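Good morning, and thank you for coming.

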Amino acid sequence: MKTKELFEVLNAHQDKSLLFEFMPNEFVKANYHITEVKHLKIDSVDCGSGIDAWNETIIQLWESPLEIGKRDFMSVYKALGILNKVGKMKPYDMEAEVKFEYSNKTFHTAQLFVNDFEIRDNNLIFKLAVEKTDCKAKTVCGVVDKVKEVFVSDELCCTPDGNCC
């Protein structure tokens with residue numbers, strides 16, 4: 001999800017509570033805070049000597065140990081106020097991919113992509129997910145995407161004419 005789309009979704013649902021599903025049926029607890037917004041500029045060189053550059057918006061979520069057991073989630077209106085204040089201090093690249101950085105006692109720190117969102121009851125739920133790493137230079141490096149089918153004989157193994165010995 002691009003930063004622009006995140007703001008569009010937030011603006012359209014300001015009357016909702018804001019929840020984050022970081023794994024199927026696993027939610028960031030209600031005691032979360034938006035603790036940091038990062039505007040990253042990635043300037044990279046891949047294994048095939050290809051160069052690339054892009055921007056990312058990273059929004060960090062943190063569960064406050066002082067508010068364990070809190071039941072009311074942050075409102076979209078409040079989150080939007082925080083993010084708008086940040087934007088006045090450090091303007092967003094609205095075309096940048098947005099990710100949420102999160103961890104808890106059982107989930108390692110990760111920058112999670114926004115795969116989808118849904119409105120359920122009075123909640124706006126962003127569905128977060130980890131993306132696998134990938135080689136960008138497969139053709140240069142000779143990496144094959146699909147496993148080549150291997151012919152396997154129907155002939156039984158360990159027969160005089162078998163294919164095992």
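This is a predicted model: local features need pLDDT of at least 70, side-chain atom pairs count only at pLDDT 80 or more; totals for chains, interfaces and linings use all residues.

Residues are numbered from 1 along each chain as its sequence is written, and side-chain values use heavy atoms, with hydrogens and water left out.

Let me begin with the fold. The protein has three helices and seven strands; helices (H or I, at least four residues) and strands (E, at least two) are DSSP runs, numbered from the N terminus. Along the sequence, their order is α-β-β-β-β-α-β-β-β-α. Of the 165 residues in the protein, 33% are buried, meaning under 20% relative accessible area with a 1.4 Å probe, protein chains only. Among contacts (heavy atoms within 4.5 Å) with a separation of 6 or more, 65% are between residues 24 or more positions apart.

I turn now to helix α1, which spans residues 3-12. Which of its residues are buried? They are T3, L6, F7, V9 and L10. These residues lie on the same side of α1, because they cover an arc of only 160° around the axis, taken from the directions from the helix axis to the C-beta atoms. Their packing partners are β1 (17-23), β4 (51-63), α2 (76-89), β5 (97-104), β6 (107-120) and β7 (123-129).

Finally, the pockets. A pocket here is an open set of points on a 1 Å grid over the protein atoms alone, where a 1.4 Å probe fits, with protein on both sides within 12 Å along at least five of seven lines; lining residues have an atom within 4 Å of a point.

The largest pocket holds about 400 Å³ of space. It is lined by 23 residues, and the closest to its centre are K29, N31, E63, N104 and K105. At least two lining residues come from each of β2 (26-27), β4 and β5. By type, the lining has eight nonpolar, eight polar and seven charged residues.

The second largest pocket holds about 160 Å³. What lines the second largest pocket? The residues are W54, E56, E97, K99, F113 and K136.

Technical notes:
Buried means under 20% relative accessible area, exposed over 50%, partly exposed in between (1.4 Å probe, protein chains only). Grid points are joined across faces, edges and corners, and a volume is the space filled by probe spheres set on the points. Ala, Val, Leu, Ile, Met, Phe, Trp, Tyr, Cys and Pro count as nonpolar, Asp, Glu, Lys and Arg as charged, and the others, Gly among them, as polar.
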